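Please look over the structure shown here before reading the briefing that follows. The points are grouped by topic.

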Amino acid sequence: MTSYFSDGTLHIRSMEPSDAAVLYDTYLSYGWHPSMKTYENYCREQARGERLVFIAEHEGAVAGICTLVLRPSEGPWAGRGIPEIVDLCVFFHLHKRGIGSRLLDVAEAEAARYADRVCLAVGVHSGYGPAQRLYVKRGYNFDGSGVWYQGKQLEQYAPCVNDDDLLLFMSKALTANTTPDKETL
């Protein structure tokens, strides 16, 4: 297990196989449609060095997740050597405690080890409103490639559904000294 950050209350570490069930069960309780296979794949991709998986623990219990795909194969940044932040989520009962920001601090610091830029995609429906605001406040800018749907760039006037697959891509310039501002392990 790799520890990325700790301040006594919040600990951010690499994913362990047992985290998959916690993530699945929590998301299922929200009425979402999670896939256990997704989280099991995250563990495998982490082991192969394709994806870094950051698990936030608040007071010893899993509180959220963020992943960093080191070499994205989809979207406008595919094949360009720019890491992509994927699947940032903090459990609902722990919102407004800075956990999401801290997960992003860690992801950005790790991304800076590989490139001078990091990218991400954000959904456009209102459920993503807090994330949209957070990313803009942190210096992310839209890349100008327009709306993407189900992994493809949407042409003007193309039909789509305002679901979790309707995305806008953003990126942020990083500096080599991008690091979390609290004690790092």
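Contact here means heavy atoms within 4.5 Å. This is a predicted model, in which local features need pLDDT of at least 70 and side-chain atom pairs count only at pLDDT 80 or more, while totals for chains, interfaces and linings use all residues. Residues are numbered from 1 along each chain as its sequence is written, and side-chain values use heavy atoms, with hydrogens and water left out.

**Nonpolar cores**

- Leaving out residues up to four places away in sequence, Leu-68 touches several residues, including Leu-52, Phe-54, Ile-85, Ala-107 and Val-118.
- A nonpolar core is a set of buried Ala, Val, Leu, Ile, Met, Phe, Trp, Tyr and Cys residues joined through side-chain atoms within 4.5 Å, where buried means under 20% relative accessible area, exposed over 50% and partly exposed in between (1.4 Å probe, protein chains only).
- The largest nonpolar core has 28 residues, and Ile-12, Phe-54, Leu-68, Ile-85, Ile-99 and Leu-103 touch the most other members.
- The helix α3 (99–111) gives the most to this core, with six residues.

**Helix α2**

- Helices (H or I, at least four residues) and strands (E, at least two) are DSSP runs, numbered from the N terminus.
- Tyr-39, Tyr-42, Cys-43 and Glu-45 are the buried residues of α2; seen down the helix axis they fall within an arc of 170 degrees, so they line one face, the arc being that of the directions from the axis to the C-beta atoms.
- Lys-37 and Ala-47, on the other side of α2, are exposed.

**His-125**

- His-125 lies in the loop between β6 (117–123) and α4 (129–137).
- The side chains of His-125 and Asp-164 are joined by a polar contact of 2.8 Å (a pair of N or O atoms within 3.5 Å; within protein, one must be able to donate a hydrogen and the other to accept it, and residues adjacent in sequence count only if both atoms are side-chain atoms).
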